[in-house]
Amino acid sequence: MKREILSVWSLMARATMPLTLLICLLISVIEAVLFPLQSSGVQRLDTAFTDSAVMTVFVIAMAALYAVMCLHGTLGTRNAIPFARLGVSDRVRFVVLAVQTALCLLILWAWQTGVAFALALWWGHAHPETVGQHTLLAAFYRVSFLHALLPLGDWLMWVRNTVLCAALGLCAAKAACTRHAVGPMIVGVLAALLWPTGISSGMFVPIQIALLAAAGWFAWMFGTEVQHETES
């Protein structure tokens with residue numbers, strides 16, 4: 001059974017990792033072009049990020065990656081025969097797809113964090129007269145988008161981000177298994193839009209965690225009810 005599970009994982013990885021890396025490459029190129037253009041006349045690092053389209057690019061990238069996982073998941077009709085030949089249960093396929101989707105989202109998050117850090121370092125090099133000893137760290141506390149990427153000492157945001165990736169992984173697996181993508185798509189779009197959450201959000205972060213956990217639980221409960229539809 002272990003060999004079959006590894007085969008399922010390999011099949012899913014081949015279908016999802018190239019797309020994830022392509023999206024990472026695209027956001028790197030787009031943000032590297034847009035950020036210098038939009039922050040050329042700005043004298044504060046935090047303002048440079050809030051006035052740029054970096055956050056919008058990341059939100060669109062996250063929503064796009066998640067949408068592809070939901071609508072063209074590796075458990076869809078196109079791959080039904082290879083999965084059937086592997087002889088694994090629906091629950092195993094569901095779990096592997098959920099973990100693989102969450103992993104892809106984690107990679108996107110980590111990649112965007114690295115790109116944002118590189119852009120901040122570039123801006124500091126280009127504006128040395130406005131950069132102090134703690135400018136970079138202060139920006140990651142003041143700007144909601146940067147703080148969501150790298151919460152530093154805000155442990156609750158680390159929990160939110162982890163729960164978000166796990167919940168979206170479960171929801172994408174449910175959409176791919178049952179081919180009922182409307183609900184999971186709504187969850188994914190809202191999660192992407194709510195990603196930029198600042199440090200002074202009060203009870204908003206615990207509410208997000210609770211809602212995401214509920215969405216993940218619902219997806220887990222109903223996601224293994226795979227409906228096999230015959231192609232006409």
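**View 1. Helices α8 and α10 run roughly parallel to each other.** In this predicted model, helix α8 (residues 155-178) and helix α10 (residues 204-222) pack with their axes 8 Å apart and at an angle of about 25°, where axes are lines fitted to C-alpha atoms, for helices over the stretch in contact, and angles run from 0 to 180 degrees between N-to-C directions. The two helices therefore count as roughly parallel, given that angles under 35 degrees are called roughly parallel, over 145 roughly antiparallel, 65 to 115 roughly perpendicular and the rest oblique. The crossing of α8 past α10 is left-handed, a term used if the near helix is turned anticlockwise from the far one by less than a right angle, with clockwise giving right-handed. By class, the contact of α8 with α10 has 18 nonpolar, three polar and two charged residues; Ala, Val, Leu, Ile, Met, Phe, Trp, Tyr, Cys and Pro count as nonpolar, Asp, Glu, Lys and Arg as charged, and the others, Gly among them, as polar.

**View 2. Helix α8 also packs against helix α9.** The axes of α8 and α9 cross at roughly 155° and come within 9 Å, which makes α8 roughly antiparallel to α9. This crossing of α8 and α9 is left-handed. On the α8 side the contact is made by Leu164, Leu168, Cys171 and Ala175, and on the α9 side by Pro184, Val187, Gly188 and Ala191. Seven of the residues in the contact of α8 with α9 are nonpolar, one is polar and none is charged.

**View 3. Phenylalanine 58 and tryptophan 195 form an aromatic pair.** Rings of Phe, Tyr and Trp (its six-membered ring) pair if their centres lie within 6.5 Å, and planes under 30 degrees apart count as stacked, over 60 as edge-to-face and the rest as tilted; a search of the whole structure finds nine such pairs. The ring centres of phenylalanine 58 and tryptophan 195 are 5.5 Å apart and their planes lie at 65°, so the pair is edge-to-face. Because phenylalanine 58 lies in helix α3 (residues 54-71) and tryptophan 195 in the loop between α9 (182-193) and α10, the pair ties together parts that are 137 residues apart in sequence. Both phenylalanine 58 and tryptophan 195 are buried, where buried means under 20% relative accessible area, exposed over 50% and partly exposed in between (1.4 Å probe, protein chains only).

**View 4. Tryptophan 109 and tryptophan 158 form a tilted pair.** Their ring centres are 5.9 Å apart and their planes stand at 45°. Tryptophan 109 belongs to helix α5 (residues 90-126) and tryptophan 158 to helix α8, so that the pair links distant parts of the chain, 49 residues apart. Tryptophan 109 is buried, with a relative accessible area of 10%, whereas tryptophan 158 counts as partly exposed at 32%. Ring pairs link Phe58, Trp109, Phe145, Trp158 and Trp195 into a cluster.

**View 5. Arginine 179 sits in the loop between α8 and α9.** Arginine 179 is partly exposed, with a relative accessible area of 36%.

**Notes to the views.** Residues are numbered from 1 along each chain as its sequence is written, and helices (H or I, at least four residues) and strands (E, at least two) are DSSP runs, numbered from the N terminus. Local features need pLDDT of at least 70 and side-chain atom pairs count only at pLDDT 80 or more, while totals for chains, interfaces and linings use all residues, and side-chain values use heavy atoms, with hydrogens and water left out.

Key. Contact = heavy atoms within 4.5 Å.
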